[in-house]
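This report describes one protein model, section by section. Please look through the sequence and the structure before reading on.

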Amino acid sequence: MHRNPNDIEVVEMPMTITTSHGTMTRETLEEYNKTAKEAEEKRLADQRAEAEARPRGECPFRRGRYDPRCIASCALYADGCTIARKEAQHDTAGKKCPFGPYDHACNSSCQLYNGGCTVIAAI
């Protein structure tokens with residue numbers, strides 16, 4: 001607070017900025033933006049790391065979809081497809097897969113392939 005030549009008290013208030021996140025001072029807004037940027041960068045890095053950690057194999061039950069890869073939100077997923085935990089009894093590469101809308105041949109790109117079709121081993 002200071003007095004001007006006319007003896008009127010003048011109170012200086014910090015400038016406030018109103019955003020969709022509320023009203024705040026410039027310093028608070030700068031700190032908010034810095035924190036929000038760091039949080040967004042962390043979220044994107046986590047998202048990239050999660051995408052890289054996802055299994056690359058295709059799920060025979062998802063064939064015919066835009067993205068047939070095995071997904072972590074599947075009920076059969078727990079650090080990989082739970083059906084594919086056992087080793088296959090024999091190699092089934094090249095045989096017709098009974099799952100999905102098409103007659104695809106069994107191959108190593110399938111999430112259920114572990115030296116052969118693991119559905120046989122799970123039954």
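Leaving aside its neighbours within four places in sequence, which residues is Tyr 113 in contact with?

## Tyr 113 and the model

Tyr 113 is in contact with Asp 91, Thr 92, Ala 93, Cys 106, Asn 107, Ser 108 and Thr 118, once neighbours within four places in sequence are left aside. Contact means heavy atoms within 4.5 Å.

The model is predicted, so local features need pLDDT of at least 70 and side-chain atom pairs count only at pLDDT 80 or more, while totals for chains, interfaces and linings use all residues. Residues are numbered from 1 along each chain as its sequence is written, and side-chain values use heavy atoms, with hydrogens and water left out.

## Overall layout

The protein has two helices and four strands, and from the N terminus on the elements run β-β-β-β-α-α. Helices (H or I, at least four residues) and strands (E, at least two) are DSSP runs, numbered from the N terminus.

Of the 123 residues, 22% count as buried; buried means under 20% relative accessible area, exposed over 50%, and partly exposed in between, using a 1.4 Å probe and protein chains only. Among contacts with a separation of 6 or more, 46% come from residues 24 or more positions apart.

## The hairpin

Strand β3 (residues 16-19) and strand β4 (residues 22-25) pair in the antiparallel sense over four bridges. Two strands count as paired if DSSP finds at least two bridges between them. The two strands β3 and β4 form a hairpin, with two residues between them. Thr 19 stands opposite Gly 22 in β4.

## The nonpolar core

The largest nonpolar core has nine residues, including Cys 106, Cys 110, Leu 112, Tyr 113 and Cys 117. A nonpolar core is a set of buried Ala, Val, Leu, Ile, Met, Phe, Trp, Tyr and Cys residues joined through side-chain atoms within 4.5 Å.

## Thr 118

Thr 118 is found in the loop between α1 (26-53) and α2 (119-122). Thr 118 counts as buried because its relative accessibility is 0%.

Not counting residues up to four places away in sequence, Thr 118 touches Ile 83, Ala 84, Lys 86, Ala 88, Leu 112 and Tyr 113. Thr 118 and Arg 85 are 33 residues apart in sequence, and their C-alpha atoms are 7.6 Å apart in space.
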